[in-house]
Amino acid sequence: MSADWVSVCGVDAIEPGMAGTVPVDGADEIAIFHTSGGAFYALVNKCPHKGGPLSQGIVHGDSVSCPLHNWRISLLSGQALGEDKGCTPTIPLKIEAGQVWLDRAAILARAGA
Ligand code: FES
């Protein structure tokens, strides 16, 4: 488990039931989801179907509906739910001191560094 975390925003920056995005140089941006239950998750902001921006989907429970063709993606695993197949990479996230932190190594791996 990595001990190298980077703070990306305050927990108040993303309303419950909403999502925000974090740009990554040289790679797909990361979507941060805040569920109405108070949990936070980070996934690459790209649907496993045809790359739709998951951050613009509707969050319900611990999943999000892609805004393009309505696939449901688990926020815990990144897996497409139901009959659909595919997986979006997840990024390790923690909440500490009122901030959202992402695993720096996972971000760098996305950027190919
Ligand atoms: S691109 Fe997400 S459901 Fe098609």
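**Exercise 1.** Which residues does Phe33 touch, not counting residues up to four places away in sequence?

*Solution.* The structure is a predicted model, and the contacts are to be read with this in mind. Leaving out residues up to four places away in sequence, Phe33 touches Ala19, Phe40, Tyr41, Val59, Val64 and Leu75.

**Exercise 2.** Find the order of the strands in the open sheet of 3 strands, and say which are its edge strands.

*Solution.* The order is S5-S6-S7, and the pairing is antiparallel. The edges are strand S5 (58-60) and S7, each of which pairs on one side only. Neighbouring strands of this sheet are turned against each other by 30° on average, with direction ignored. Looking at one pair in detail, S5 and S6 are joined in the antiparallel sense over 3 bridges, and His60 stands opposite Ser63 in S6.

**Exercise 3.** Where does Asn70 lie, and is Asn70 buried or exposed?

*Solution.* Begin with the position: Asn70 belongs to the loop between strand S6 (63-65) and strand S7 (72-74). Asn70 is exposed because it has 12 other C-beta atoms within 10 Å. Its backbone also deserves attention, since most residues other than glycine have a negative phi. The phi of Asn70, however, is positive, near 70°.

Definitions and conventions: Residues numbered from 1 in each chain as written. Predicted model: local features only at pLDDT ≥ 70, side-chain atom pairs only at ≥ 80, totals over all residues. Helix = DSSP H or I, 4+ residues; strand = E, 2+ residues; numbered from the N terminus. Buried ≥ 20, exposed ≤ 12 C-beta atoms within 10 Å, placed from the backbone. Contact = placed C-beta atoms within 7 Å. Pairing = 2+ DSSP bridges. Axes fitted to C-alpha atoms, helices over the stretch in contact; angles between N-to-C directions.
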